[in-house]
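This report describes strand pairing and ring contacts in one protein model. Please consult the sequence and structure shown here.

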Amino acid sequence: MTQKVNEPSWLDNLRLPDGYSNTIGGVKLPTKPSFGKLNKHRFSRVHPDPSYQVPVLIVEDKDSGETYIATHAVAGYLGKAATPKLLRLAVDNAGVPKIIAQPIPELSGRPNLWNVTCIQAIQIAENEWVRIESDMNAQQYTIIKAANNLGDPHWPDQTMPELIQAVFLNNVISSPDHPYIKQLEGRV
């Protein structure tokens with residue numbers, strides 16, 4: 001028997017129950033982390049545990065938009081194209097994980113306000129929810145703390161090596177024959 005559209009109960013038969021999930025059985029896989037900076041639209045926390053802090057060399061190929069992680073064995077081939085960073089785990093208030101690259105200050109030269117305020121924001125985010133905005137006039141980040149308690153962060157279950165591997169799976173420079181090094185040296 002087909003219900004008529006004008007009968008009041010037809011919509012009730014279409015309404016999903018409160019506990020409905022569109023996953024049928026199975027196990028939800030962890031969200032793949034992204035790579036970048038603290039979010040400017042969502043509040044973030046940074047994992048304070050030292051096991052979630054890994055010093056690495058980062059190479060940003062601005063022409064292709066790719067970001068690589070490089071082994072220290074190829075640092076001599078990369079020169080100033082490789083920048084030392086401290087990889088950290090952050091999550092936003094929606095629970096989305098992100099690997100962020102904390103600047104490692106240079107001991108020589110004057111301080112870069114972008115780096116100084118980025119490091120400050122990351123340090124605050126170890127205990128409080130923050131977001132950052134670029135202040136182009138002041139040449140630094142503005143740090144905004146959440147007005148309310150957003151609760152405890154929901155950290156992923158993966159280890160830092162697993163998270164880094166998920167982010168940089170195919171973007172590792174570990175050989176002088178890597179296409180990026182060949183490009184730098186004019187071998188392509």
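Val 59 has Tyr 68 in β4 as its bridge partner. The model is predicted, so local features need pLDDT of at least 70 and side-chain atom pairs count only at pLDDT 80 or more, while totals for chains, interfaces and linings use all residues. Residues are numbered from 1 along each chain as its sequence is written, and side-chain values use heavy atoms, without hydrogens and water.

Strand β3 (residues 53-61) and strand β4 (residues 66-70) are antiparallel, with five bridges. Strands are DSSP runs of E of at least two residues, and helices are runs of H or I of at least four, numbered from the N terminus; two strands pair if DSSP finds at least two bridges between them. In the β3 and β4 hairpin, four residues separate the strands, and Gly 65 has a positive phi near 80°. Seven bridges also connect β3 with the antiparallel strand β5 (residues 82-92), where Leu 87 is the bridge partner of Val 54.

The whole structure holds three aromatic pairs (ring centres of Phe, Tyr or the six-membered ring of Trp within 6.5 Å; planes under 30 degrees apart are stacked, over 60 edge-to-face, the rest tilted). Two of them are listed below.

| Pair | Class | Centre to centre | Between planes |
|---|---|---|---|
| Phe 35 and Phe 168 | edge-to-face | 5.1 Å | 65° |
| Tyr 68 and Tyr 180 | tilted | 5.8 Å | 40° |

Because Tyr 68 lies in β4 and Tyr 180 in helix α5 (residues 179-185), their pair ties together parts 112 residues apart in sequence. Both Tyr 68 and Tyr 180 are buried (under 20% relative accessible area; exposed is over 50%, partly exposed in between, with a 1.4 Å probe and protein chains only). Phe 168 is buried at 3%, whereas Phe 35 is partly exposed at 27%.
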